[in-house]
Amino acid sequence: MVVRAQDWDGPWQVEFAGTVDAMGAPEPNEHAQALDGELLYWVSFDTPQYDSGGDGPYRKAQIWGRYLRSEPESDV
């Protein structure tokens with residue numbers, strides 16, 4: 001699950017489901033505002049999404065670790 005920030009209106013317009021993609025291994029986030037040890041993950045979105053600036057639609061993006069939450073597995 002890709003989630004919105006608690007302290008600002010972004011980085012995405014809504015929260016949505018996605019899957020961490022095997023396209024590449026998680027990478028260290030070297031942005032000045034990254035948390036110590038924070039990683040970047042490639043995530044494929046279940047449905048195309050727009051970012052908080054209205055750009056998109058995106059089907060995949062590199063997402064900061066703080067904006068990802070795992071969903072419990074469903075018993076089908």
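## Accessibility and the predicted model

Buried means under 20% relative accessible area and exposed means over 50%, with partly exposed in between. The structure described here is a predicted model. Because Arg-4 has 24% relative accessibility, Arg-4 counts as partly exposed.

## Salt bridges

The salt-bridge count comes to three. In one of them, the side chains of Arg-4 and Asp-9 meet at 2.0 Å, N to O. Asp-9, at 56% relative accessibility, counts as exposed.

Lys-60 forms a salt bridge with Asp-21, and the closest N and O atoms are 3.1 Å apart. This pair links distant parts of the chain, with Lys-60 in strand 4 and Asp-21 in the loop between strand 1 (18-20) and strand 2 (27-28), 39 residues apart. Lys-60 counts as partly exposed, at 32% relative accessibility.

Arg-66 and Glu-38 are also joined by a side-chain salt bridge, at 2.8 Å, N to O. Arg-66 lies in the segment after strand 4 and Glu-38 in the loop between strand 2 and strand 3, so the pair ties together parts 28 residues apart in sequence. Arg-66 is partly exposed at 27% relative accessibility, whereas Glu-38 is buried, with a relative accessible area of 7%.

Asp-51 lies in the loop between strand 3 (39-49) and strand 4 (58-64). Asp-51 is buried yet has no salt bridge. The nearest side chain of opposite charge is that of Arg-4, 9.8 Å away, while a salt bridge requires the nitrogen and oxygen to be within 4 Å.

Leaving aside residues up to four places away in sequence, Asp-51 touches Pro-11, Trp-12, Gln-13 and Tyr-58.

How values were computed. Residues numbered from 1 in each chain as written. Predicted model: local features only at pLDDT ≥ 70, side-chain atom pairs only at ≥ 80, totals over all residues. Heavy atoms only, no water. Helix = DSSP H or I, 4+ residues; strand = E, 2+ residues; numbered from the N terminus. Buried < 20%, exposed > 50% of the residue type's maximum accessible area, 1.4 Å probe, protein only. Lys, Arg positive; Asp, Glu negative; His and termini not counted. Contact = heavy atoms within 4.5 Å.
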